[in-house]
Amino acid sequence: MNEPDGRANVHLDGVTLRFGGVTALENVCLDIRGGELLALIGPNGAGKTSVLNCISGLYRPTEGTIALRDAAGRSHALHRLPPHRIARLGVARTFQSIELFKHMTALDNIMLGRHVHMRGGVLSGGIFWGPQRRREIRHRMRVEEVIDFLNLEPIRRAIVGNLPYGQQKLVELGRALALDPEILLLDEPLAGMNSEEKESMARFILDVHEEWGTTPVVIDHDMDVIMDISERVIALEFGQVIAEGPPADVRANPRVIEAYLGHGEAAAGPVS
Amino acid sequence: MRLGLFMGALLVFPFLASPYWLNLANQIAIATIGALGLNILVGYTGQVSLGQGAFMAVGAYTSALLTLRLGLPWGVSIVAACFATAAVGVFFGLPSLRLKGLYLAISTLAAQEIVEWVVTHWTALTGGVEAVVVPAPRLFGQRLNTDFGFYWLGIVLAGGTALFTANLFRSRIGRSFVAVRDQDIAASVIGVNVFGTKLLAFATSSFFVGLAGALTAYYRNIISWERFTFETSILYLAMIIVGGLGTIRGSLFGAALITLLPAMIGRVGQELQGSAPAIAALLPSVQQAVFGIVIILFLVFEPEGLSKLWRNVKDYFYVWPFAYRRGEGR
């Protein structure tokens with residue numbers, strides 16, 4: 001196949017998702033290639049978030065398969081696994097409507113990202129001193145690296161429910177990064193941010209991709225940023241893939257322009 | 001320092017206190033263990049349980065019957081009772097796969113009813129509605145079910161439970177409990193097995209609730225089902241709500257308040273017997289109302305409970321009389 005060595009990748013084959021009479025996804029076939037920076041675009045209701053929800057196991061496809069080939073080359077049928085097993089395979093995500101543990105500190109939220117990598121049960125936790133303390137310290141060091149990377153030092157002890165929106169988004173990104181994911185699904189990481197915050201978020205995504213070797217999959221409506229940072233773009237409309245390719249090609253694709261602007265407006269040029 | 005003072009007070013207390021106060025202290029120790037257990041489930045993990053009385057009954061009857069019928073030493077049967085209660089807790093936690101909030105609460109009410117029914121009807125095993133007499137526990141030849149003897153057992157176990165709980169919630173499993181409470185979907189996508197975690201919370205919680213039940217049996221010498229009714233479940237819920245959900249300190253404060261309140265009302269009643277017998281006669285019936293009022297007042301004025309009040313007072317004196325260290329928080 002066309003996969004780069006030692007990188008996890010995901011393959012959706014004929015994924016259809018129906019809720020009663022509503023078809024959210026119809027026969028979606030797409031690849032997430034290990035090592036790339038992929039963007040998913042499309043108008044509201046196109047099914048972008050549904051794709052992420054299927055990959056992370058929150059929705060189960062009505063038809064079709066989702067396969068993850070891990071770094072060691074083993075194949076896993078994601079469409080049959082519960083979300084926590086998928087997370088263990090190295091798939092992390094953020095949500096469009098920030099889903100943090102809002103009564104906890106930023107630090108504890110990000111520590112939870114280490115859950116799958118840590119060991120320790122009720123007994124060792126309750127006794128604490130000894131092995132569990134050593135484990136907590138070891139993983140705390142990784143968490144501090146994430147905090148350092150995202151410049152979250154000043155707020156690490158803050159209760160996240162009280163933090164401003166932009167910082168909550170960063171904490172959520174930090175929690176996903178703490179998993180050391182192979183695949184990082186980001187659902188509208190730029191939504192609701194000012195241009196300065198957008199810029200630093202875009203920077204973080206690029207750094208995660210380049211320095212940490214993670215494969216980000218980004219959904220967003222900010223075409224400028226998306227076209228700027230992504231290597232490949234997949235466009236969805238009404239639950240179907242309508243275009244796929246390098247950003248410039250997808251941007252110029254008549255069907256994509258039509259999807260965003262409606263009929264007869266093709267002359268207006270690409271969305272900006 | 002403050003902890004040292006508190007421990008010192010605990011050590012001196014039994015030598016100064018009358019049996020009346022020792023008895024209350026022992027009740028508070030047991031209630032603290034039970035409240036910590038319930039708080040693990042309700043306060044920290046967000047799974048409302050109305051089955052506290054039932055789980056305490058399981059702990060009490062298991063430990064009592066193991067000693068009585070099989071002749072096991074009291075220490076062994078208490079530990080066995082804790083594990084038995086944990087298993088029963090897991091069983092009645094199974095509906096939490098599908099049910100949340102009030103719906104789960106109602107399903108745990110089933111635990112209460114079923115256990116109560118089993119205890120009162122399985123006469124061959126439990127003695128039914130008759131009380132079970134529990135052999136006195138002994139340590140180094142000393143009877144532990146005297147007020148003085150039990151005090152030491154009570155505070156060691158209550159302190160141990162508090163320490164265990166505090167440690168639990170600064171480590172991996174405890175964090176996953178709170179994650180399930182705050183946002184179960186987010187918990188699942190970062191790799192927390194939500195259902196497994198809920199069952200683990202039921203097990204851990206019930207373990208300590210079972211301990212509280214077993215201690216009740218050994219302290220009281222006599223147990224009967226009437227000690228573990230639905231009212232017990234409600235009282236314990238009141239403890240953790242008034243004390244503070246999801247806090248260790250709150251479990252202790254709540255246990256103390258809810259234990260002392262009726263005793264104090266009773267005391268006032270006795271004092272008034274001579275001077276105002278009419279009011280004294282009224283008090284027992286007012287007791288329930290006072291309870292209700294206290295809980296309502298807490299929900300209105302300090303929803304985070306006594307634990308928050310304590311923090312407020314501490315914060316106040318932290319900067320008193322000069323506000324030069326403001327903003328440091330705790």
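View 1. Buried residues account for 46% of the 272 residues in chain A; a residue counts as buried if 20 or more other C-beta atoms, placed from the backbone, lie within 10 Å of its own. This is a predicted model, in which local features need pLDDT of at least 70 and side-chain atom pairs count only at pLDDT 80 or more, while totals for chains, interfaces and linings use all residues. Residues are numbered from 1 along each chain as its sequence is written, and chains are lettered from A and ligands numbered from 1 in the order in which they are written.

**View 2. The whole chain.** You can look for 10 helices and 10 strands in chain A; these are DSSP runs numbered from the N terminus, with at least four residues (H or I) for a helix and at least two (E) for a strand. The C-alpha trace of chain A spans about 70 × 40 × 40 Å along its principal axes.

**View 3. Contacts along the sequence.** Of the contacts in chain A between residues at least 6 apart in sequence, 66% join residues at least 24 apart. Here, a contact means that the C-beta atoms of two residues, placed from the backbone, lie within 7 Å.

**View 4. An open sheet.** Four strands of chain A follow the order β2-β1-β4-β5, with antiparallel pairing; strands pair if DSSP finds at least two bridges between them. At the edges are β2 (22-32) and β5 (75-77) of chain A, each pairing on one side only.

**View 5. Where β4 meets β5.** In chain A, β4 (residues 63-69) runs antiparallel to β5(A), joined by 3 bridges. Arg69(A) stands opposite Ser75(A) of β5(A).

Note on methods: Buried ≥ 20, exposed ≤ 12 C-beta atoms within 10 Å, placed from the backbone.
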